[in-house]
Amino acid sequence: MTDTRVIVERPPAPAADGSAVHVRGLRMSFGGTEVLRGVGFDVRYGEVFCLLGPNGAGKTTTLEILEGFRVPTGGEVRVLGLDPAAQPARLRERAGMVLQECGFPRQARVAELLDLWRSYYPDPRPLGELLEVVELTEVRNTQVRRLSGGQRRRLDFALALAGDPELIFLDEPTTGFDPEARRRCWAAIENLRGLGKTILLTTHYLDEAERLADRIAILRAGRIELAGTTHEVAVRAGLATRVSFTTPSALRRGQIPPPDGIDLTICGPESVCHTANAAMTLRLLLAWATEHSLGDLGSLAVTAPRLEDTYLQLTSGDRG
Amino acid sequence: MSRTVRLAVRQAVLEQRSFWRSAEYALFTFAFPLMILLLIGAANVGSHLPGTDIKNTTVFVPGILAFSVIVAAYVNLGSKVAVLRHDGVLKRIRTTPLPAAAYLGGLLASTVVTAISITACTGLIGWLAFGAGPRAGELLALAGGLVLGTVCFASLGLAISSVITSAESAGPVAYASFLPIAIISGVFDPTFSGLPPWLSRLVAAFPVKALAEVLQNAYAVRPFPAWDLVNLGLWTAAGAAFAVWRFRWHT
């Protein structure tokens with residue numbers, strides 16, 4: 001504390017709460033437009049956290065603030081205990097960043113570029129490991145301009161990993177990729193998780209969030225609508241469990257009444273109901289089936305609420 | 001400090017390797033001044049500047065040296081930085097803890113290496129083909145002029161890179177913004193004259209003729225180019241100030 005020039009230094013965030021990223025009341029305005037209106041969430045060490053939301057929801061803006069590229073209009077931000085806007089250099093030694101659409105020196109070779117990147121950091125990861133994690137060992141001597149889109153994306157990951165960061169930001173890692181390229185990107189991200197890295201990723205793909213994330217926050221119109229595990233998010237959205245079975249022919253012909261106390265919809269060969277209490281619904285349903293000698297209901301299925309349903313319900317109002 | 005220098009050197013090495021790997025780019029950068037040197041030089045063999053015993057080629061060769069410096073420092077560096085910015089490479093550098101000084105220092109060091117190789121080629125071939133070499137004892141003055149020219153046009157290159165709005169237009173903008181001035185500065189024609197006085201004065205205000213005259217002074221006895229040195233110094237300062245003011249890491 002003898003260095004009196006450091007006057008902006010604030011005390012680091014309390015380590016006790018154990019979050020790698022801590023965001024509260026985050027606001028951001030461009031001109032008169034409010035892009036973020038009080039965003040708050042925490043990312044715990046070692047987890048994969050996904051900011052999910054439609055285009056224009058403020059995902060990239062949030063990430064750019066956490067990366068220290070933008071100074072927020074208001075709110076509290078701590079990344080690895082640092083204030084990103086005030087201490088960008090220290091943050092960049094410890095956090096890897098994969099931006100959307102970011103070019104490479106085109107004539108550089110893969111291994112050569114990774115080696116150059118490693119020299120930027122005090123404690124880099126071994127080159128061979130970097131290549132392995134992102135499955136680029138075979139193209140280590142290829143010039144970057146000859147790589148496919150998916151390979152370039154994985155090189156993005158490797159460059160972000162060069163300094164062996166504790167935390168990695170991934171902004172829409174697979175947007176615009178074919179299924180095979182996405183699968184390999186996901187594998188690379190899962191490898192990163194396997195290394196114990198904390199990962200904060202944004203996406204507008206539900207399957208991506210569902211597959212990769214430990215926890216999810218749904219960002220819409222500058223606010224966090226919901227946050228939690230995939231299941232928690234769906235439950236909190238008040239979504240019902242779906243119970244379905246093959247419509248018995250007697251019911252279809254109107255020879256027997258529909259079950260009491262169940263809001264059943266007959267969609268041709270399939271009957272469906274949505275319920276907040278699946279156990280009660282099943283009891284009623286099976287009693288009704290016994291009463292009318294329907295035997296076992298064909299193709300009886302109980303489906304827990306899915307992220308997709310939650311997401312579509314939340315964002316359905318956004319599309320004209 | 002030593003870390004910054006070490007990182008700058010690594011950056012410069014990658015830039016040089018990349019430059020030579022894009023063979024047509026490197027070839028064109030070298031071939032353009034050399035072709036002009038040989039073709040126009042051949043047309044001037046045996047001629048003398050009007051009313052003097054100074055051979056045309058003795059002022060023509062240093063003029064092409066000035067041209068080479070401008071191609072390496074202004075056109076190459078300017079369009080390179082514009083493309084790096086447009087492609088998002090600068091933005092990517094910004095995500096790392098690499099100090100800005102190390103990165104830009106590396107780009108500049110690589111530019112200096114390119115400028116040295118291209119002027120060495122031009123000077124050597126001019127000497128071998130036309131017997132035009134610097135005056136005895138003026139080698140240091142020539143080197144000083146080349147250094148000053150490289151610094152001046154590199155700062156102008158960085159400045160123009162901020163004006164270029166797309167990767168596609170980088171090369172055309174860089175060339176179009178100096179070739180016309182180079183032509184009316186007489187860089188390609190030692191006997192060039194007949195400009196209206198106002199245009200003459202305008203040309204004299206630009207740094208192209210100034211650099212050519214500083215280098216020509218090392219080849220043939222001419223009035224000491226004091227004003228040309230002032231001119232280059234002012235353009236260096238103006239270019240550097242504009243470059244710092246307008247520099248952006250992203251588009």
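This is a predicted model: local features need pLDDT of at least 70, side-chain atom pairs count only at pLDDT 80 or more; totals for chains, interfaces and linings use all residues.

Chain A averages a pLDDT of 85, and 92% of the residues score at least 70. Among the elements of chain A, the highest mean pLDDT, 96, belongs to helix H3 (residues 110-118), whereas helix H11 (residues 307-315) has the lowest, 71. Over residues 1-16 of chain A the pLDDT stays under 50, and for this stretch the model has 6 contacts beyond four places in sequence.

The domain assignment of chain A gives domain 1, made up of 15-102 + 164-235, and domain 2, covering 240-304. The centres of these two domains of chain A, taken over C-alpha atoms, are separated by 42 Å.

Two strand pairings in chain A can be described in some detail. Strand S1 (residues 19-30) and strand S2 (residues 33-44) of chain A pair in the antiparallel sense over 9 bridges, with A:His22 standing opposite A:Asp42 in S2(A). S1(A) and S2(A) form a hairpin with 2 residues between them, and A:Gly31 in the turn has a positive phi of about 60°. In the other pairing, S5(A) is joined by 4 bridges to strand S6 (residues 167-171) of chain A, and the two run parallel; here A:Met97 stands opposite A:Phe169 in S6(A). In a regular strand the side chains alternate between the two faces of the sheet. For strand S5 (residues 95-98) of chain A both faces are covered, as A:Ala95 and A:Met97 on one side and A:Gly96 and A:Val98 on the other are all buried.

The largest nonpolar core has 134 residues, and those with the most contacts inside it are A:Cys50, A:Ala158, B:Ala66, B:Val69 and B:Ile70. Helix H3 (residues 56-87) of chain B contributes the largest share of this core, 19 residues. Leaving aside neighbours within four places in sequence, A:Cys50 is in contact with A:Leu201, A:Thr203, A:Ala209, A:Leu212, A:Ala213 and A:Ile216.

How many residues does the contact take from each chain? There are 15 residues from chain B and 19 residues from chain A. On the side of chain B that touches chain A, helix H1 (2-21) and helix H4 (89-94) of chain B each supply at least two residues, and H1(B) gives the most, with 5 residues. The residues of this side of chain B divide into 5 nonpolar, 5 polar and 5 charged.

B:Tyr175 has its place in helix H7 (residues 170-176) of chain B, and A:Ala181 is found in helix H6 (residues 179-194) of chain A. B:Tyr175 counts as partly exposed because it has 18 C-beta neighbours inside 10 Å, and A:Ala181 is partly exposed because 18 other C-beta atoms lie within 10 Å. Leaving aside neighbours within four places in sequence, A:Ala181 is in contact with A:Gly149 and A:Gly150.

| Pair | Separation in sequence | C-alpha to C-alpha distance |
|---|---|---|
| B:Tyr175 and B:Val71 | 104 residues | 8.3 Å |
| A:Ala181 and A:Gln151 | 30 residues | 8.0 Å |

Key. Residues are numbered from 1 along each chain as its sequence is written. Chains are lettered from A and ligands numbered from 1 in the order in which they are written. A nonpolar core is a set of buried Ala, Val, Leu, Ile, Met, Phe, Trp, Tyr and Cys residues joined through C-beta atoms within 7 Å. A residue is buried if 20 or more other C-beta atoms lie within 10 Å of its own, exposed if 12 or fewer, and partly exposed in between; C-beta atoms are placed from the backbone. Two residues are in contact if their C-beta atoms, placed from the backbone, lie within 7 Å. Ala, Val, Leu, Ile, Met, Phe, Trp, Tyr, Cys and Pro count as nonpolar, Asp, Glu, Lys and Arg as charged, and the others, Gly among them, as polar. Domain bounds come from an automatic or database domain assignment. pLDDT is the predictor's confidence in each residue, from 0 to 100. Two strands pair if DSSP finds at least two bridges between them.
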